[in-house]
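Take a moment to look over the chain and its fold.

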Amino acid sequence: MSQSIYCADDWLMIQGLPAERVAALAAAAEGGGWDDIVPGLDSLSLSWDPAQRSLEAAHAAAEALAGSDADAAPATTIAPATLHICYEAPWAHDADIVAELLGLSTDALPGWHAAQDWRVAMLGFQPGFAYLNCDARIPDIPRLADPRARVEAGSVGLLGQICGLYPHASPGGWPIIGRIAETLFDPHASSPALLQAGQAVTFARIDAAELARRTGGAA
């Protein structure tokens, strides 16, 4: 994968990174004088105070970081998260489609999904929307030909080779395989987003009755 650095006035982006190297470079950037460190799926964005560092100095620091030997993602200090997911109707809208693309039966899809070692690659799209990846080789799952006008909060989708978690009800084109009980974004909480980049995520299977109980009947 070809690597490049794009610069603006007070931020830059190191592009073309493998997912595991994004996490490694984000950790290596800590303490490097950056104001903000934002991991992406295949990029790392860094911002700085122009009063403290020139554009040329920031670019040179980014080049040094990108060329460093931080090749492996370090052990994270973020506690793993367990999310309780219902793979049953009416929440698994596209389970048949996704299972076929993965070469699985529909009944086997929940077990496959819950067995993967998922990790949050980044947050984006909506506040608290989490993009998760894993080490499994996943076929490129396409977007729905007809996106839904409404996807419920907590919906879990698979698109491309990424697992996406919807924190809010919204239109959406991800194929949906289930719904979680947890609230992914609470603007009144001290840490509004439930998940963080680099965090390990485990999915625990529950039935529709348990989902309704955990969501106060909202399911």
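We start with the barrel, then turn to the helix, the aromatic rings and the cysteines.

A few ground rules come before the tour. This is a predicted model, in which local features need pLDDT of at least 70 and side-chain atom pairs count only at pLDDT 80 or more, while totals for chains, interfaces and linings use all residues. Residues are numbered from 1 along each chain as its sequence is written, and side-chain values use heavy atoms, with hydrogens and water left out.

Let's begin with the strands. Helices (H or I, at least four residues) and strands (E, at least two) are DSSP runs, numbered from the N terminus. Two strands pair if DSSP finds at least two bridges between them. With that in hand, follow seven strands as they close into a barrel, in the order β5-β12-β9-β10-β7-β6-β13, with mixed pairing. From one strand to the next, the twist averages 40°; the axes behind such angles are lines fitted to C-alpha atoms (for helices over the stretch in contact), and the angles run from 0 to 180 degrees between N-to-C directions.

Isoleucine 85 has isoleucine 180 of β12 as its bridge partner, and cysteine 86 is partnered with arginine 179 in β12. Strand β9 (residues 155-159) also pairs with β12 in the antiparallel sense, over three bridges. There, valine 156 stands opposite glycine 178 of β12. How buried is β12? Buried means under 20% relative accessible area, exposed means over 50%, and partly exposed is in between (1.4 Å probe, protein chains only). Five of the five residues of β12 are buried, so the strand is largely enclosed by the rest of the structure.

Strand β13 (residues 200-206) is where you'll find threonine 202. At 42% relative accessibility, threonine 202 is partly exposed. Setting aside neighbours within four places in sequence, threonine 202 is in contact (heavy atoms within 4.5 Å) with Ala81, Thr82 and Leu83. Isoleucine 37 is another story: threonine 202 and isoleucine 37 are 165 residues apart in sequence, and their C-alpha atoms are 25 Å apart in space.

Now for a helix. In α1 (residues 19-29), the buried residues are Arg21, Val22, Ala24, Leu25, Ala26 and Ala29. These buried residues pack against β3 (36-39), β4 (43-47) and α2 (55-66). Just after α1 comes glycine 31, with a positive phi of about 80°.

Next, the aromatic rings. A pair of aromatic rings is described by the distance of the centres and the angle of the planes. Rings of Phe, Tyr and Trp (its six-membered ring) pair if their centres lie within 6.5 Å; planes under 30 degrees apart count as stacked, over 60 as edge-to-face and the rest as tilted. The structure holds nine aromatic pairs. In one of them, phenylalanine 129 and tyrosine 166 have ring centres 5.1 Å apart and planes at 75°, so the pair is edge-to-face. This pair links distant parts of the chain, 37 residues apart: phenylalanine 129 is in the loop between β6 (118-123) and β7 (130-133), and tyrosine 166 is in the loop between β10 (162-165) and β11 (170-172). Both phenylalanine 129 and tyrosine 166 are buried. Ring pairs also join Phe125, Phe129, Tyr131, Tyr166 and Trp174 into a cluster.

The loop between β6 and β7 also holds phenylalanine 125 and glutamine 126. Buried or exposed? Phenylalanine 125 is exposed at 55% relative accessibility, whereas glutamine 126 is buried at 13%. Not counting residues up to four places away in sequence, phenylalanine 125 touches Tyr131 and Tyr166, and glutamine 126 touches Tyr166, Pro167, His168 and Ser170.

Some rings have a charge over them, meaning that NZ of Lys or CZ of Arg is within 6 Å of the ring centre and within 35 degrees of the ring normal. Arginine 53 lies over the face of tryptophan 34, 4.4 Å from the ring centre. Arginine 179 has its charged end over the ring of tryptophan 91, at 4.5 Å from the centre.

Last come the cysteines. A disulfide is a pair of cysteine sulfur atoms within 2.5 Å, and by this rule the count is zero. For cysteine 163, the nearest cysteine sulfur is that of cysteine 134, 8.4 Å away. Cysteine 163 is buried, with a relative accessible area of 0%, while cysteine 7 is partly exposed at 24%.
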